[in-house]
Amino acid sequence: RASLVNDSLCDTVETELALGVSADLGAKALEDFELPPPWLRETSLDGRTTGVWAAVPSAADPGDMVLRALDAPTITDTAVLLPPVEASASEDLVLSFVHTYDFELSDGILWDGGVIEITRDGGATWDDVEIPGTLEPGYDGALSNRADNPLSDRRAFGGQNPSFPAEDAVTLNFGTRFAGETVQLRFRVGTDQSVGAPGWEIDDLEITGSVDLAFPALVPDASDCAGAPVADPGMPQTVFGGEAVVLDGSMSMDPDGDPLTFAWSALDPDGPMLDATDAAMVGFIAPDVTEETLYAFRLSVTDGVGSDTADTTVNVLVAPPPPPPDMGLPDMGVDLGAPDAGVPDMGVPPTDMGAPADDMIPPADMGGEEAPADSGGCGCHVTGPLGAAAGPQAIFFAFLALLDWRRRRRR
């Protein structure tokens with residue numbers, strides 16, 4: 001049991017937490033309600049009432065869990081059925097328990113109350129246990145028929161138990177009357193039109209003289225958990241849609257060094273399909289998504305005796321857009337009218353700028369060597385460090401020098 005504090009309510013709430021333990025499901029003769037009983041189910045005999053029966057802390061001792069039925073201030077008819085048992089052929093079938101009760105009582109009249117019933121035909125018919133058995137101590141008297149109680153005129157536990165608020169022990173002995181038969185018991189409460197009370201608390205239920213133990217229980221684990229394998233599906237990952245993903249369970253281990261068998265599974269029905277499921281490492285292509293999506297995967301490993309499972313996740317992000325087409329050489333920055341196609345934009349050749357040939361002057365020294373005098377043309381060209389590979393850049397800078405020279409000449 002744990003106490004949880006809710007800041008928004010400024011209050012403390014007690015709740016039951018179910019924890020996985022190293023144990024197997026077995027059976028026991030005694031039910032003490034300290035763990036929520038898996039067999040506990042409320043039956044509405046009037047077809048409408050629920051919430052009367054529950055396993056809750058005792059009103060007298062909050063540290064002790066009990067089965068409680070409320071005495072409601074309205075007409076109700078509800079019950080809780082115990083697990084069915086096969087009566088021994090030779091031993092007495094005995095039900096024992098402790099209880100405390102406080103049902104509506106006024107002027108000596110028992111208005112509300114509880115009874116115990118038994119069936120021998122799977123629930124088709126039910127008889128009060130006072131008929132075939134010996135109930136000690138017995139019921140307190142008959143319930144009133146003046147306020148529409150479903151148990152009107154029947155003998156029942158009513159008012160308060162003799163030791164109230166302390167508990168009283170009850171024994172119900174059927175002897176061998178049901179030897180070899182399968183029978184089932186139930187606790188039943190009936191209430192009338194108005195006025196309620198605390199109700200009925202039952203604890204330490206025990207059935208003896210049955211072939212099998214009556215109540216489910218956790219028993220020590222029969223297997224040796226010390227040598228069980230440990231599954232390791234790897235760390236959570238974050239990828240873009242379209243990327244390859246590898247789930248790596250190779251760090252899973254067995255303390256005894258036994259070989260492991262792997263089994264991967266996707267926990268999301270609409271998740272990506274794995275390329276394999278029975279290898280230590282499996283993969284898939286992350287799907288293209290329109291929004292960030294988290295997928296979960298489970299790895300199970302076994303060494304043939306013990307097993308273990310563990311989960312991991314892959315967070316798939318929206319894939320980035322493709323790069324723009326102009327991702328090649330840097331643009332030279334001058335556009336003389338030619339379309340920008342991702343290569344240096346050189347405009348028109350500097351050899352014909354619309355001026356007489358004698359207006360041409362050699363461009364600035366670009367680090368090359370002069371051409372021989374008889375090379376023809378305008379008297380120079382670029383070689384050396386800039387060379388042929390840098391020809392377009394050399395022409396461009398020569399063109400800029402020519403433009404600057406002509407601008408200064410016209411002044």
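Residues are numbered from 1 along each chain as its sequence is written. Because the model is predicted, local features were considered at a pLDDT of at least 70 and side-chain atom pairs only at pLDDT 80 or more, whereas totals for chains, interfaces and linings use all residues; side-chain values rest on heavy atoms, without hydrogens and water.

The protein chain contains 1 helix and 27 strands, where helices (H or I, at least four residues) and strands (E, at least two) are DSSP runs numbered from the N terminus. Of the 411 residues in the protein chain, 35% are buried, a class defined by a relative accessible area under 20%, with exposed meaning over 50% and partly exposed in between (1.4 Å probe, protein chains only). The protein chain exposes about 23000 Å², of which carbon and sulfur atoms supply 55%, as given by the Shrake-Rupley method with a 1.4 Å probe, in which, for residues, only the protein chains shown count as cover. Among contacts (heavy atoms within 4.5 Å) between residues at least 6 apart in sequence, 71% join residues at least 24 apart.

The largest nonpolar core comprises 42 residues, and those with the most contacts inside it are Trp53, Leu95, Ile116, Phe187, Trp200 and Leu205; such a core is a set of buried Ala, Val, Leu, Ile, Met, Phe, Trp, Tyr and Cys residues joined through side-chain atoms within 4.5 Å. Strands that each supply at least two residues of this core include E7 (65-71), E10 (94-102), E13 (113-119), E19 (182-191) and E20 (197-208). Not counting residues up to four places away in sequence, phenylalanine 187 touches, among others, Trp53, Leu95, Phe97, Ile116, Trp200 and Leu205.

Aromatic residues also group together in this model, which holds 12 aromatic pairs; rings of Phe, Tyr and Trp (its six-membered ring) pair if their centres lie within 6.5 Å, and planes under 30 degrees apart count as stacked, over 60 as edge-to-face and the rest as tilted. Tryptophan 53 and tryptophan 200 form a tilted pair, with 6.2 Å from centre to centre and 55° between the planes. This pair links distant parts of the chain, since tryptophan 53 belongs to strand E6 (residues 53-57) and tryptophan 200 to strand E20, 147 residues apart. Tryptophan 53 is buried with a relative accessible area of 7%, and tryptophan 200 is buried at 0% relative accessibility. One aromatic cluster is formed by Trp53, Phe97, Tyr101, Phe103, Tyr139, Phe157, Phe187 and Trp200.

Strand E13 is mostly covered, with 7 of its 7 residues buried. Both of its faces are covered, with Gly113, Val115, Glu117 and Thr119 on one side and Gly114, Ile116 and Ile118 on the other. Strands count as paired if DSSP finds at least two bridges between them. E13 pairs with E19 in the antiparallel sense over 7 bridges, with glycine 114 having valine 189 as its bridge partner. E13 is also joined to E17 by 2 bridges, again running antiparallel, and here glycine 113 is partnered by glycine 158. A further antiparallel pairing, over 2 bridges, connects E13 with strand E14 (residues 127-128), in which aspartate 128 stands opposite glutamate 117.

Elsewhere, 4 strands form an open sheet of mixed pairing in the order E22-E27-E26-E24. Strand E22 (237-240) and strand E24 (261-266) are the edge strands, each pairing on one side only. E22 runs parallel to strand E27 (residues 307-317) and is joined to it by 4 bridges, with glutamine 237 bridging to valine 314. A second, separate core of 19 residues includes Ala286, Tyr295, Ala310 and Val316. Tyrosine 295 lies in strand E26 (residues 293-302) and is buried at 10% relative accessibility. Leaving aside neighbours within four places in sequence, tyrosine 295 is in contact with residues including Gly271, Pro287, Val314 and Val316.

Several backbone features fall in loops. The peptide bond from glutamate 136 to proline 137 is cis, with omega near -10°, and proline 137 is found between strand E15 (134-136) and strand E16 (141-142). A cis peptide bond also joins phenylalanine 164 and proline 165, with omega about 5°. Aspartate 153, in the loop between E16 and E17, has a positive phi near 70° and is exposed at 52% relative accessibility.
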